[in-house]
Amino acid sequence: MRYFSTLRARFAPHYCIYIGFFLSALITWPILARLEAFEWFHDYSRAHEDWDLDEFAMLIINLTFALLFSVIYQSRRLKRLWRERDALRAQAEISARYDPLTGVFNRRAFKEVLGEAIQRQAADGDSADGARFLALLDLDRFKPVNELHGHSVGDATLVAVKERLVREIGAAGVVARLGSDEFVMLFDASSDARKVERATQRLVYDLAQPIQIGEVMVHVGVSAGLVQIQSNDDVTEVLRRADKALFQARSQGRGLYAWYDETQDQQSRNRTQITADLREAIANGDIKPWYQPIVCSNKNKVRGLEVLARWQHPVRGFVSPDVFVELAEDCGLIGAMGQSILRRACLDARDWDESLTLSFNVSGLQFNDPNLIPSIQEILVETGFPAARLILEVTERSVIDDFEEAGRKIGELKDIGVSIALDDFGTGHSSLACLQRLPFDGLKIDRSFVTDISEQTQNQSIVAGIVTLARGLALEVTAEGIETAEDLAFVRELACEKAQGFLFAKAVPAEQVTALLQSDWAAFGQDAETAQGV
Ligand code: C2E
Ligand code: CA
Ligand code: CA
C-alpha cells in the first residue's frame with residue numbers, strides 16, 4: 001500500500017510533464033537529425049532570407065523555453081499546494097480522532113477502536129485470554145476545580161489524570177477522553193478481571209490524593225464502572241453497561257468502583273418501564289379506588305371504607321400499591337395520583353349511607369406537600385362530600401421529621417373538619433412520641449400484631465396495651481388484619497372499637513360496594529371462610 005502511494009507521488013503530473021518533455025526531445029531529436037531537418041531549414045531560410053525565418057525560429061525556441069519554465073514553475077507551485085493540502089488533511093484527521101487537550105483518542109475514535117476490539121474478540125472466541133475489559137472513569141469534584149482555580153488549572157488536572165491513566169494501562173491498552181472529565185480505559189487482551197480490578201483500585205486510591213498543579217494543590221477523585229466485553233456486544237451496549245456500573249458506583253458514594261450488574265440493570269430497566277407505564281396510567285385515570293370495609297367490632301356493622309388504590313397493569317396484572325405509591329413519589333406524581341383517587345372516591349362515597357366514613361391514605365410526600373390542604377378542600381367542595389366523613393390515614397414516617405410542622409398541619413386539617421388517624425401503629429420507633437405530640441383522632445394497630453393474635457401471647461399483651469393507651473388518649477382504635485373468627489373474637493374482647501381485615505372483605509371495586517354493604521354482617525365472626533373480593 002505504502003509502496004503504491006510512493007509510486008503515485010513519484011508519478012504525479014508535474015513529474016509527467018518533465019518526463020514528457022525529456023521523452024519528446026529524446027524522440028524528436030534523432031528523427032530531426034536523421035531527416036537532416038536542421039540542414040534543410042538552414043538552406044531554406046538562406047533561400048528565403050527576406051522571410052526572417054531564423055528570427056522566427058529564435059522566437060519559437062524562446063517561447064518553448066518560456067513555456068518550459070512556466071510549466072516547471074506552475075508544477076512546483078502545484079506541488080507545494082498539494083503538500084499544504086496533505087498537511088491540512090492530516091491535521092483534520094488528528095483533530096477528528098484525538099482530544100486536543102490530552103492528546104488521547106476522543107469519543108469517536110474510541111468507539112472505532114472498541115468496535116475493532118469487539119470484532120477481534122469475536123474472531124478469537126470468548127476464550128478467557130481473549131475477553132477484554134473496559135473501565136469508564138468520571139472525575140469527582142472536577143467542577144469546583146474549574147470554578148475555584150480557573151480553566152488552565154482544570155486543563156492541567158485533566159492532563160495529569162490522563163498521564164496517570166496511560167501509565168497504569170501500559171502501551172497495549174487504550175485510554176480515551178469521552179467528555180469533559182470522563183475517561184475510558186480499554187485493557188489489553190491479557191488482562192483478567194483481577195488485574196483490571198487491582199488497576200482500578202490503584203487509580204481510585206492515587207487520584208484521591210492531591211495533585212500538584214503549579215502552585216495549587218487540586219483535590220479531585222475518581223469513580224469507575226467496570227465491564228467485561230462480550231463478543232456479541234456492540235459498542236453502544238458496552239458503553240451503556242459501563243455507564244450503568246459507573247452510576248452504581250456513584251450511587252454508593254464517591255471514589256468507588258463497581259462492576260456492571262445485570263440483575264440490577266434489569267431491575268432498573270423494569271423500574272424505568274413501569275414508571276413510564278404508571279405515568280400513563282395516572283394520566284388515563286387507570287389507578288382506581290377500591291374499598292375495604294371497616295367494621296364496628298362488637299356489632300359487626302360497617303362503619304366506613306378504606307380507599308385502597310388499585311392498578312391493573314395490562315401486562316403485569318395487579319401491581320401492589322406498596323410498589324406504585326413509592327414510584328409515584330419518586331417521579332413526582334404522587335400529588336396528581338392522590339388527588340385523582342380522592343376525587344373519585346368522594347364521588348363514589350356520596351351515594352353510600354351518610355353514616356359511612358371514607359378513610360384515605362396519605363403518603364409521606366403527600367402529607368408534606370404544601371398543596372395538600374388546598375387540594376383536599378377543593379375536592380370536597382367540588383364533589384360535595386362532607387369533610388366530617390373523611391379520615392386521613394398518615395404513618396409515623398410522615399410526621400417524625402418535624403413534629404411542629406406536622407402538628408400545625410394536622411390542626412389545619414381538623415379545622416376544615418377532616419379527622420386524622422395514625423396508621424400502621426406499632427411498626428415505627430417513635431409511635432408513642434407521635435401520639436404524645438400530635439392531636440390524632442384515631443390509630444390503627446398494624447396488622448402484624450393482629451393477624452393470628454390468638455396464638456401470639458406477646459402480641460396479645462402489645463395490643464391490649466395499645467388499646468388501653470388509646471382509650472386514655474380518647475382515640476378510636478382500629479385493628480387491621482383480622483383474618484379469622486379467632487382474631488375478631490380476641491380484639492372484641494379487648495373492646496377495640498373497629499376491625500378491618502380479610503375476614504370481612506378484601507378491597508372491592510366501587511361497583512361491588514353496594515352489594516358488599518348489604519351482606520349479612522351479623523354473621524361475621526362465626527365463619528372465617530366468608531372472605532371475598534381481591
Ligand atoms: P395500609 O394503609 O396499611 O392498607 C392496608 C393494607 O393491608 C392493604 O394492602 C390491605 O389490602 C391489606 N389488608 C387488609 N386487611 C388485611 C388482612 O386481613 N390480612 C392481610 N394480610 N392484609 C390485609 P394494600 O391494598 O396492598 O395496600 C398497601 C399499602 O399501600 C397500604 O397500607 C397503604 O399504605 C398504601 N396505599 C394503598 N392505597 C393507597 C393510596 O391511595 N394512597 C397512598 N398514599 N397509599 C396507599
Ligand atoms: Ca391505611
Ligand atoms: Ca395500615
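**Stop 1: Thr 200**

Begin by selecting Thr 200, which touches Ala 224, Leu 226 and Tyr 257 when residues up to four places away in sequence are not counted; contact here means heavy atoms within 4.5 Å. Thr 200 is found in helix 8 (residues 193–207). Helices (H or I, at least four residues) and strands (E, at least two) are DSSP runs, numbered from the N terminus. Thr 200 is buried, with a relative accessible area of 1%. For this tour, buried means under 20% relative accessible area, exposed over 50%, and partly exposed in between (1.4 Å probe, protein chains only).

Two notes before moving on. This is a predicted model, where local features need pLDDT of at least 70 and side-chain atom pairs count only at pLDDT 80 or more, while totals for chains, interfaces and linings use all residues. Residues are numbered from 1 along each chain as its sequence is written, chains are lettered from A and ligands numbered from 1 in the order in which they are written, and side-chain values use heavy atoms, with hydrogens and water left out.

**Stop 2**

Now switch to a cartoon view and look for an open sheet of 5 strands in the order 2-3-1-6-7, with mixed pairing. Two strands pair if DSSP finds at least two bridges between them. At the edges are strand 2 (174–177) and strand 7 (257–259), each pairing on one side only. Direction ignored, neighbouring strands of this sheet are turned by 15° against each other on average.

Zoom in on strand 1 (residues 133–139) and strand 3 (residues 182–186), an antiparallel pair with 5 bridges. Select Leu 136 and you can find its bridge partner, Val 184, in strand 3. Axes are lines fitted to C-alpha atoms, for helices over the stretch in contact, and angles run from 0 to 180 degrees between N-to-C directions.

**Stop 3: two crossing helices**

Next, select helix 10 (residues 262–284) together with helix 11 (residues 321–330): they pack at an angle of about 85°, and their axes are 10 Å apart. Helix 10 and helix 11 are therefore roughly perpendicular to each other. That label covers 65 to 115 degrees; angles under 35 degrees count as roughly parallel, over 145 as roughly antiparallel, and the rest as oblique.

Show the side chains at the contact. From helix 10 come Arg 271, Ile 274, Thr 275 and Leu 278, and they meet Phe 324, Glu 326, Leu 327, Ala 328 and Asp 330 in helix 11. The residues of this contact divide into 5 nonpolar, 1 polar and 3 charged. In this count Ala, Val, Leu, Ile, Met, Phe, Trp, Tyr, Cys and Pro are nonpolar, Asp, Glu, Lys and Arg are charged, and the others, Gly among them, are polar.

**Stop 4: calcium ion, ligand 2**

Which residues coordinate the calcium ion (ligand 2)? Select Glu 306 (OE), Asn 361 (OD1), Glu 393 (OE) and Asp 423 (OD), at 2.1 to 2.3 Å. Donors are N, O and S atoms within 2.8 Å of the metal (3.2 Å for Na, K and Ca); water is not among the atoms, so sites may look incomplete.

Asn 361 lies in strand 11 (residues 357–362) and Glu 393 in strand 12 (residues 390–395), so the pair ties together parts that are 32 residues apart in sequence. Strands 11 and 12 pair in the parallel sense over 5 bridges, and Asn 361 stands opposite Glu 393. Asn 361 is partly exposed at 26% relative accessible area, whereas Glu 393 is buried at 2%.

Strand 9 (residues 301–313) also pairs with strand 11 in the parallel sense, over 4 bridges. There, Glu 306 has Ser 359 of strand 11 as its bridge partner.

**Stop 5: calcium ion, ligand 3**

Keep Asp 423 selected: this residue bridges ligand 2 and ligand 3, two calcium ions that lie 3.9 Å apart. The protein donors of ligand 3 are Asp 423 (OD), Asp 424 (OD), Glu 480 (OE) and Glu 480 (OE), lying 2.2 to 2.6 Å from the ion. Asp 423 lies in strand 13 (residues 419–425) and Glu 480 in the loop between strand 15 (476–479) and helix 20 (485–493), so the pair ties together parts that are 57 residues apart in sequence. Asp 423 is buried at 6% relative accessible area, and Glu 480 is buried at 10%.

**Stop 6: Val 477**

Finish in strand 15 by selecting Val 477, which is buried with a relative accessible area of 1%. Leaving aside neighbours within four places in sequence, Val 477 is in contact with Leu 443, Ile 445, Ala 470, Cys 496, Glu 497 and Lys 498.
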